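Subject: Handing over the structure

Hello,

Here is the structure I promised to pass on to you. Please open it first, and then read my notes below alongside it.

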Amino acid sequence: MNSPSDKPAIRKYSVLPARAIQDDEMHWTTLRVLGAICLYTNAYGIAWPSRMTIARHISRSTKTVSVHVSRLIKAGYVRKLHPRSYPARIKAKNTWRTNRYQVMFDGAQTELPSMEQFWAPRPKLVDEALDEDVQAVTHTRRESEGGNVENSILAQAFCSGVESACGQVRIAANNLDFAMELSNRGITAEQVRLASIEMTKRNLKSGRTPPLNLEQVASWAGL
């Protein structure tokens, strides 16, 4: 498989376990994969990058990323989180579409995160959300009956906004009909994304559920 050549946006730093720097057995690419994962950690070491996103950061294939993630897990630097670890709060309809990692800063003694720590907001990577939207349009377009690209982009912008703010996944295909209404009003994907992020943050701060659909965001933001 060819390696992706485009680089995602990054934040100014990546916080990773210091012991990795002194690990003489660690392969250079394994260290880079760890660094890429740590670009996405929230305040509690939880990260959501897909294999493709990691591959784009280090210019390697997703297959190579999988090999080195497995090495990180075996060496005790990273833990994969699973829905069964949170049976009381995660429902089947919210199945995870990308890997959820926990960076194990305390090694094997690192405890599983609480639900509140798990859903703590991710760091904002400038301009990356819309970059990911462009990659998702092809898949979303196949899911829509009309295949309207503009509607797909608006629906995906909503999903990206919510996920970037709290990590919860929304399904673009479920929001295409209302996306068509917004498209007819001249609403842009950036307006949708920013409104989705802001509403999600405010809802979390007040103890409410993040928006479930695009219509809720549009009504709240007056789009």
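This is a predicted model: local features need pLDDT of at least 70, side-chain atom pairs count only at pLDDT 80 or more; totals for chains, interfaces and linings use all residues.

What follows is a short tour, from the whole chain down to single residues.

First, some ground rules. Residues are numbered from 1 along each chain as its sequence is written, and side-chain values use heavy atoms, with hydrogens and water left out.

**The overall picture**

The protein has nine helices and three strands. Here helices (H or I, at least four residues) and strands (E, at least two) are DSSP runs, numbered from the N terminus. In sequence order the pattern reads α-β-α-α-β-β-α-α-α-α-α-α.

Of the 223 residues, 48% count as buried. By that I mean under 20% relative accessible area; exposed is over 50%, and partly exposed lies in between (1.4 Å probe, protein chains only). The protein exposes about 12100 Å², and carbon and sulfur atoms supply 50% of that area. Those areas come from the Shrake-Rupley method with a 1.4 Å probe, and for residues only the protein chains shown count as cover.

Among contacts with a separation of 6 or more, 70% link residues 24 or more positions apart. A contact means heavy atoms within 4.5 Å.

The average pLDDT is 78, and 77% of the residues score at least 70. pLDDT is the predictor's confidence in each residue, from 0 to 100. Please take care with two stretches. Over residues 88–96 pLDDT stays under 50, and the model has eleven contacts there beyond four places in sequence. Residues 126–147 also stay under 50, with 32 contacts beyond four places in sequence.

**Helix α1**

Is α1 enclosed or open to the outside? Nine of its eleven residues are buried, so α1 is largely enclosed by the rest of the structure. The buried ones are T29, T30, L31, V33, L34, G35, A36, I37 and C38. They pack against β1 (46–47), α2 (51–58), α3 (62–75), β2 (78–80) and β3 (101–103).

T29 has a relative accessible area of 7%, and, setting aside residues up to four places away in sequence, T29 touches I58, R60, T64 and H68. C38 has a relative accessible area of 0%.

**Cysteines**

C166 is buried too, at 1% relative accessibility. Counting disulfides as pairs of cysteine sulfur atoms within 2.5 Å, the total is zero.

**Salt bridges**

How many salt bridges are there? The count comes to three, taking a salt bridge as a side-chain nitrogen of Lys or Arg within 4 Å of a carboxyl oxygen of Asp or Glu.

- R193 and E190 meet at 3.1 Å, N to O. Both lie in helix α8 (residues 189–205), three residues apart, about one turn of the helix. R193 is buried at 6%, whereas E190 is partly exposed at 31%.
- R202 pairs with E198, the closest N and O atoms being 2.8 Å apart. R202 and E198 are four residues apart in α8, which is about one helical turn. E198 is partly exposed at 33%.
- R185 and E181 meet at 3.4 Å, N to O. R185 is partly exposed at 44%, and E181 is partly exposed at 39%.

R185 sits in the loop between α7 (176–184) and α8. Leaving aside neighbours within four places in sequence, R185 is in contact with F178 and L223. R185 and L223 are 38 residues apart along the chain, yet their C-alpha atoms are separated by 8.4 Å.

**A nonpolar patch**

Lastly, Y13, V15 and F105 make a nonpolar surface patch of about 290 Å². Patches are made of residues with over 30% relative accessible area and no salt bridge; like charges are joined within 9 Å, and nonpolar side chains (Val, Leu, Ile, Met, Phe, Trp, Tyr) within 5 Å. V15 lies in the segment before α1 (28–38) and is partly exposed, at 45% relative accessibility.

Enjoy exploring the structure!

Best wishes
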